[in-house]
2 protein chains.
Amino acid sequence: MGNVQPFISVLTIGDELLSGDVTDLNLSTIAKAIGETGFDIKKQVTIGDNLAGIANSITNLCGESDVLITTGGLGPTSDDLTREAVSFAFGRPLVFREELAKLIEDFFGSLGRNMSPENLKQAYIPEEAKVIPPAGGTAPGFIIEHEGTMIACLPGVPREMKSMLINNVIPEIKKRHVCSSFKITREILTFGAGESDIANMLKTLACNQEVSYGFLAWEGIIKVKISAEARSKEEAQRILDLEEMKVREALGPLVFGVDGESMEEVVSKLLLKRDKTISVAESCTAGMVSSRIANVSGSSSYFKGGVVTYSIDSKRSILGISREILSRGVVSKEVAEAMATSVKKIFDSDIGLGITGVAGPKSIENKAPGTICIGLATPEEVFSWEIRFPGDRNFVRRIASTAALNAIRLSLIS
Amino acid sequence: MGNVQPFISVLTIGDELLSGDVTDLNLSTIAKAIGETGFDIKKQVTIGDNLAGIANSITNLCGESDVLITTGGLGPTSDDLTREAVSFAFGRPLVFREELAKLIEDFFGSLGRNMSPENLKQAYIPEEAKVIPPAGGTAPGFIIEHEGTMIACLPGVPREMKSMLINNVIPEIKKRHVCSSFKITREILTFGAGESDIANMLKTLACNQEVSYGFLAWEGIIKVKISAEARSKEEAQRILDLEEMKVREALGPLVFGVDGESMEEVVSKLLLKRDKTISVAESCTAGMVSSRIANVSGSSSYFKGGVVTYSIDSKRSILGISREILSRGVVSKEVAEAMATSVKKIFDSDIGLGITGVAGPKSIENKAPGTICIGLATPEEVFSWEIRFPGDRNFVRRIASTAALNAIRLSLIS
């Protein structure tokens, strides 16, 4: 066990990555998870599905690495060659593992499907490897040791890869290597102002020598990244806790969450805390707001349901909005308020949300693409907003659904 | 000038890529552009901003490559080290290029800004390199020759990188290497069977020497990738057209599309072609199916709308499903059929879809997480299916929404 930074490298395997058909997202996941342990990735290589190329890359990377993580090539088909390449590179024959064959067979059984014989290929693992059982699919991973290097071979499917990385690989790395300085990064999530406005509001804070600042815009959300380096995780965390407080003070209700939190998770917590139920009437977003509320496990305790009144007819027949109101324009604050009030009544919820707008690419009734009206009916009042977002049809719909969730959040914290 | 496939590799430079803060998109751009010339990328390496690491990677990749393209590390700051690394790796001093200094100064002038002295760093280029003038920014690229390998160093900014790649690098590669064969790839998209089943059904076809097969699983969709290599693009295309026909024949209705097509686009085309309207009643997917239908521009002509009856109460009050049916279990084919029939009537559409299930993580009424029931009401008949998908809550919901759209597709092509 050493306390010098280990050389950690990643080998990404798959023709689809070198043909440009698929963009690899695993490197970023691995880098972030490894970063949290205080270590970092020194090198990454992408290689196609050919035995000699994979075996060569494994041999070369092993020569310079303390830890090598490979992703991909563990499926059941003929172009899945990682098992064979490891076997070839280290001269360790593949051994049939009865217990794995059983797990794979059980997986198919649980889905009521028959296993095809090809899948048994996945039960062959290089000699003396430590097996990582399949994580939600049929592909097992494995960890092998060769001349002081730890090699972890994981499937390419991001979900399965991540599960094995967190549960099996990182604990194993921590057993072997101890970290001496920790850099921690935190993302403070904001919605409702632009990147340069946010940067401007934090100008004085960003002069702090202990903390470095970065900004990242993503679908209307501006992420303020603050990083601190210290001798212990706790010390770095303490610096960031203090800095986060200052950022929150400077930005007020623009801040909705931290790190991986989604807007729907934040809204969910607030609805639970305030003991309020909600229902949603959508036009342009067409179910996206409802679907995002239901993303959160346990949402059935506050989410009553919703309607997607995509056609004008259905706004009248289902929500009972009068011809008169609709004739003045379907994309209006008036209609959004009527949608909110009506859906609240239909589902007998505490809060009703209405959203209507022009997703594009064409204008509707002289309203430009990107125009969105949001209405909110609470037990006390009815509010509405009209906003315009730039971007193409589905970008506008996604930002509009975030804005709608944000409107619910603002009403719950006020 | 050879007519053997050149070994082309890519070196991606930048700490931000190895920390997981940024996902590299340049590899995919380069791979696609190189792919169109008939060549392909054999290997890709990512390395951080350190001189020795970059120089080493350049030396090693040059040893095995005919062409090496590097991206990143050409900016004006102290962590931009590609120029120095190339100089170090090949023993070629950096030379100040008057004409480049002038171009960079002019760039700032055109923005009405003063150039900071740091930017002059970008006017130093390794001896005997061919300069590529800045493309929209201040970073010049360059091409250098070393022991038969062509090395092109491009900036990391995607827009600038792409412009230099297309206008300067690819023409240079074409001068040196003649493509005697073109390789084209097509993805045939299937839904409804597993990867190994699909591979098994295509076993005989996959023996064809002219066409190579690959398989890729993504959220329940199995992509069959067929590639053909021929002396001309047209010839390769003709081979794939023939092969696609055979694949379609072997897989029948499992095939839903080709290349970038989404399930909702396919369903959309079929609804338009058959002149049918649709409405949707959702429980576990909670608006996801509706939202996906509305992803397609022009959907208002066939999509009437939907309801999200997330609570049991709303299944009764809004859809009018009897207490008796609901008391036998909310996740059942019977309820899915009742949802489909009712929503079809409420929205007066030709087709009604109902979907209810257990997204998870908990079971409902003894039904395991991942159990989904889909009901479809057409003018002629009412169908239903019960399926079980593995995976976490939102993975199940996404696959279930694809399965629901697929059910619509199957009813429209039968």
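1. Two strands are said to pair if DSSP finds at least two bridges between them, and helices (H or I, at least four residues) and strands (E, at least two) are DSSP runs numbered from the N terminus. In this predicted model, local features need pLDDT of at least 70 and side-chain atom pairs count only at pLDDT 80 or more, while totals for chains, interfaces and linings use all residues. Residues are numbered from 1 along each chain as its sequence is written, chains are lettered from A and ligands numbered from 1 in the order in which they are written, and side-chain values use heavy atoms, with hydrogens and water left out.

2. Within chain B, strand E13 (residues 278-282) runs parallel to E14(B) over 5 bridges, and B:Ala281 stands opposite B:Val307 in E14(B). The chain passes from E13(B) to E14(B) through helix H10 (residues 288-294) of chain B in a right-handed β-α-β crossover, that is, with the strands pointing away from the viewer, the path from the first strand over the helix to the second runs clockwise.

3. Strand E14 (residues 303-308) of chain A pairs with E14(B) in the antiparallel sense over 3 bridges, with A:Val308 opposite B:Gly306. Of the 6 residues of strand E14 (residues 303-308) of chain B, 5 are buried (under 20% relative accessible area, 1.4 Å probe, protein chains only).

4. Helix H6 (residues 158-176) of chain B has a kink of about 45 degrees centred on B:Leu165, the bend being the angle between axes fitted to the seven residues ending there and the seven starting there. Its buried residues include B:Leu165, B:Val169 and B:Ile173.

Conventions
Buried < 20%, exposed > 50% of the residue type's maximum accessible area, 1.4 Å probe, protein only.
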